Amino acid sequence: MDLVAPGVIWARITLEARARHASHADEGSNPIETALAVTSSLRELEASLNEQPEAEFAGVERPYLLNVGALHGGDWPSMTPGRAELDVRLGFPIRMAPREAQSLLAAAVERADENARVEFRGFRARGYAFDANSRLVRLLSGCHEEVRGTPLEPDPSRATTDLRFFQPGEAVCYGPTGEGLHGVDEWVDVESIADVATVLALLLRRWGAG
């Protein structure tokens with residue numbers, strides 16, 4: 001059961017230099033090597049965000065994560081590339097505005113390379129935290145325990161979900177069990193899918209009954 005998640009932003013960082021043969025590699029910067037320096041600076045930002053996590057993430061190690069998702073650059077070993085592009089994803093605190101997180105990321109990039117270009121594209125989401133004692137969650141928890149035989153425990157997420165669109169209000173992210181989400185070996189427990197369907201049927205019946 002997910003009730004809490006950090007904010008998330010995506011960014012593309014473009015690094016440029018003069019393309020040249022490897023025999024002149026020492027005559028300027030290398031965008032791929034600069035990308036590594038930028039990544040190091042962003043890791044420092046990640047560490048600073050995680051120094052004092054919000055109370056909702058108690059017990060969660062590093063709730064605000066940096067992920068380097070893609071690096072594009074270069075053509076062959078004997079050429080210093082003229083450009084490299086770095087695609088990153090950064091998690092940030094619930095109470096931090098996305099614009100502030102973007103400013104922090106841009107500043108971290110600038111510390112590594114003042115000529116880098118940062119574009120915020122594709123994704124920008126606030127964090128969220130829903131009440132674990134709301135009527136919806138209490139009713140769902142009772143239905144779950146009746147069907148599964150075990151208590152339903154909140155599990156703070158380090159990734160966002162569409163739950164963020166239901167603020168303010170009562171909401172919960174609930175579903176079958178599995179592992180490797182979004183990975184090459186992602187799987188979902190088939191038996192838990194049937195149990196979830198039963199839980200939701202009970203929830204709808206009892207919710208409508210008041």
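This is a predicted model: local features need pLDDT of at least 70, side-chain atom pairs count only at pLDDT 80 or more; totals for chains, interfaces and linings use all residues.
Which side chain meets that of Glu46 in a salt bridge of 2.9 Å, N to O? The partner is Arg62.

Arg62 has a relative accessibility of 39% and counts as partly exposed. Glu46 itself is buried, because its relative accessible area of 5% falls under the 20% limit.

Glu46 also forms a salt bridge with Arg43, where the closest N and O atoms are 3.1 Å apart. These two residues are three positions apart in helix 1, which spans residues 31–49, so about one helical turn separates them. Residues three or four places apart in an α-helix point the same way, because there are 3.6 residues a turn. Arg43 is partly exposed, at 35% relative accessible area.

## Other salt bridges

In total, the structure holds twelve salt bridges. One of them pairs Arg148 with Asp195, the closest N and O atoms lying 2.4 Å apart. This pair links distant parts of the chain, with Arg148 in helix 3 and Asp195 in helix 4, 47 residues apart. Arg148 is partly exposed at 32% relative accessible area, while Asp195, at 17%, counts as buried. Elsewhere, salt bridges with shared partners join Arg12, Glu16, Arg83, Glu85 and Asp87 into one network.

## Helix 3

Helix 3 has 14 residues, which at 1.5 Å a residue should span 20 Å; the end C-alpha atoms are 20 Å apart, in agreement. Its buried residues are Leu136, Val137, Leu140, Ser141, Cys143 and His144, and helix 4 is among the parts that cover them. Just after helix 3, Gly149 takes a positive phi of about 80 degrees.

## Pockets

The largest pocket holds about 1100 Å³ of space. Its lining has 32 residues, and those nearest the centre are Asp2, Asp155, Ser157, Thr161 and Leu181. Strand 2, helix 3, strand 11 and helix 4 each supply at least two lining residues. By class, the lining has 15 nonpolar, ten polar and seven charged residues.

The second largest pocket holds about 160 Å³. Trp10, Ala11, Arg12, Asn67, Gly69, Asp87, Val88, Arg89 and Arg121 line this pocket, with strand 2, strand 4 and strand 6 each giving two or more residues. Three of the lining residues are nonpolar, two polar and four charged.

Conventions
Residues are numbered from 1 along each chain as its sequence is written. Side-chain values use heavy atoms; hydrogens and water are left out. On a 1 Å grid over the protein atoms alone, a cavity is a set of points where a 1.4 Å probe fits but cannot get out, and a pocket is an open set with protein on both sides within 12 Å along at least five of seven lines; lining residues have an atom within 4 Å of a point. Grid points are joined across faces, edges and corners, and a volume is the space filled by probe spheres set on the points. Helices (H or I, at least four residues) and strands (E, at least two) are DSSP runs, numbered from the N terminus. Ala, Val, Leu, Ile, Met, Phe, Trp, Tyr, Cys and Pro count as nonpolar, Asp, Glu, Lys and Arg as charged, and the others, Gly among them, as polar. The expected span of a helix is 1.5 Å times one less than its number of residues. Buried means under 20% relative accessible area, exposed over 50%, partly exposed in between (1.4 Å probe, protein chains only). Contact means heavy atoms within 4.5 Å. A salt bridge is a side-chain nitrogen of Lys or Arg within 4 Å of a carboxyl oxygen of Asp or Glu.
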